[in-house]
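Student: I have a new structure to read. Can you walk me through some of its features?

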Amino acid sequence: MATPPVPDAELRRRVKLWRTCSGNLLRAARQAGVNTQAFTVSIDRAVAKGWVKQSERDRAATQHRAVKGNNDSEAALRKQIATLTAQVERMRNARPVVPVRIKTARVDDFVRVVIPDSHGTCIDPQAMGAFLDDLKALDPHEIVMLGDHVDCGGFLALHHTLGYVPETSYTYEDDISSANAFLDEIQRNAPHARIHYIEGNHEARVEKWCIAQTLRNGRESEGMRLRNAPEFLLRLKERGISYYRRAERYHDLPVPGTIKLGKTFFAHEPGRGGRPEQYAQRFGGCLIYGHEHRARGAVIRTVAAGEIGAWCPGTLAIQQPFYFHTNLTDHSHGHLVQIVAKSGGFLSINVPIINGVSHLRPLLDRGT
Ligand SMILES: [Fe+2]
């Protein structure tokens, strides 16, 4: 997540541009050809180096807020960037976490970690930090990302009515940068994991946008998708990450956007408004799913399949998105750990992250 340091000459160029733009970070970043987050970090570094006085920085922020009504969103973004940067610095400077593999009875057993919706630039920094600490300690064999790892708001959410200025505070470039940084951290903390990434409804917004912009011309739509879809901007193929699209079928399953690993199905969105018991019944087997942003799970017993269950780990995104006024308290932070036996049997644990603290941590610290 941390922006790599830029050379002093480039830093001075950015300070000059920022002053030319009267302290308007968004405009200066655009002129510099970098995203706002990276540019803001540069100006803060210039303050730390003493090239820009803190008073000048504060005055520019205040002035800009007075001129532009929605600058509160920029302040919020700066605050979030500062928190994210501090979080990553804390993780990097912390005493090395000794990987503690959960002891399993047989060498063929392994640990799989499931990452729920994180929503790109809308990721919660504290939840992310707690999750990455767990990931490093677990050093899993496999990771499944359940989708919605970019938010794709703004112009990609034309089918929704956006009602709040802060919802317009980030660009698609910011969103992709955040998701790329999160993927960097995942791969750095889990270097041995094979990673599966299931497309969510938010990633799919880009494909819909491409089709709309090209007036449903198939070849043009595909051309636009190849240039703009998260799958490509996140460099998933180069990263060695398998991507599963909502409109395609995998593993000989009769429904698209669903995969099966061992004895477990994985899907972003198993249906609408159902309970985990219903989803397990619908899939006829064990299922781990995303989309709902709230930790839930249930086990049922059926005549045909015996005991089966469904689990949703929650979310790593902020818990109160602006549009979510109809149900204020349902979202919960967490991730999921599966301990999988060679036989395919497994233990599936929803790990709560509450106020930025993972409740798996005491177990890992004991090295059990
Ligand atoms: Fe989501």
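Predicted model: local features only at pLDDT ≥ 70, side-chain atom pairs only at ≥ 80, totals over all residues.

Student: How many helices and strands does the protein chain have?

Tutor: The secondary structure comes to 13 helices and 12 strands. Of the 368 residues in the chain, 52% count as buried. Look at contacts between residues at least 6 apart in sequence: 64% of them join residues at least 24 apart.

Student: How do I describe two packed helices?

Tutor: Use the angle between their axes and the distance between the axes. Take helix α1 (residues 8-20) and helix α3 (residues 36-49). Their axes come within 10 Å and cross at roughly 100 degrees. Angles of 65 to 115 degrees count as roughly perpendicular, so α1 is roughly perpendicular to α3.

Student: Which residues of α1 and α3 meet?

Tutor: From α1, they are D8, L11, R14, V15 and W18. From α3, they are A38, F39, S42, I43, R45, A46 and K49. By class, this contact has 7 nonpolar, 1 polar and 4 charged residues.

Student: What span should helix α7 have, and what is the distance between its end C-alpha atoms?

Tutor: Helix α7 covers residues 172-189, which is 18 residues. At 1.5 Å a residue, α7 should span 26 Å. Its end C-alpha atoms are 26 Å apart, so the two agree. α7 is also mostly covered, with 13 of its 18 residues buried.

Student: Which residues of helix α8 are buried?

Tutor: In α8 (residues 204-213), they are A204, R205, V206, W209 and C210. Their cover includes α7, α9 (218-228) and α10 (230-233).

Student: How many disulfides are there?

Tutor: A disulfide is a covalent bond between the sulfur atoms of two cysteines. Here the count comes to 0. C210 has 1% relative accessibility, so it counts as buried. C286, at 11%, also counts as buried.

Student: Where are H291 and H293, and are they buried or partly exposed?

Tutor: H291 lies in the loop between β7 (286-289) and β8 (295-302). H293 is found in the loop between β7 and β8 too. H291 has 21% relative accessibility, so it counts as partly exposed. H293 has a relative accessible area of 6%, so it is buried.

How values were computed. Residues numbered from 1 in each chain as written. Heavy atoms only, no water. Axes fitted to C-alpha atoms, helices over the stretch in contact; angles between N-to-C directions. Helix = DSSP H or I, 4+ residues; strand = E, 2+ residues; numbered from the N terminus. Parallel < 35°, antiparallel > 145°, perpendicular 65-115°, else oblique. Contact = heavy atoms within 4.5 Å. Nonpolar A, V, L, I, M, F, W, Y, C, P; charged D, E, K, R; others polar. Disulfide = S-S within 2.5 Å. Buried < 20%, exposed > 50% of the residue type's maximum accessible area, 1.4 Å probe, protein only. Expected span 1.5 Å × (residues − 1).
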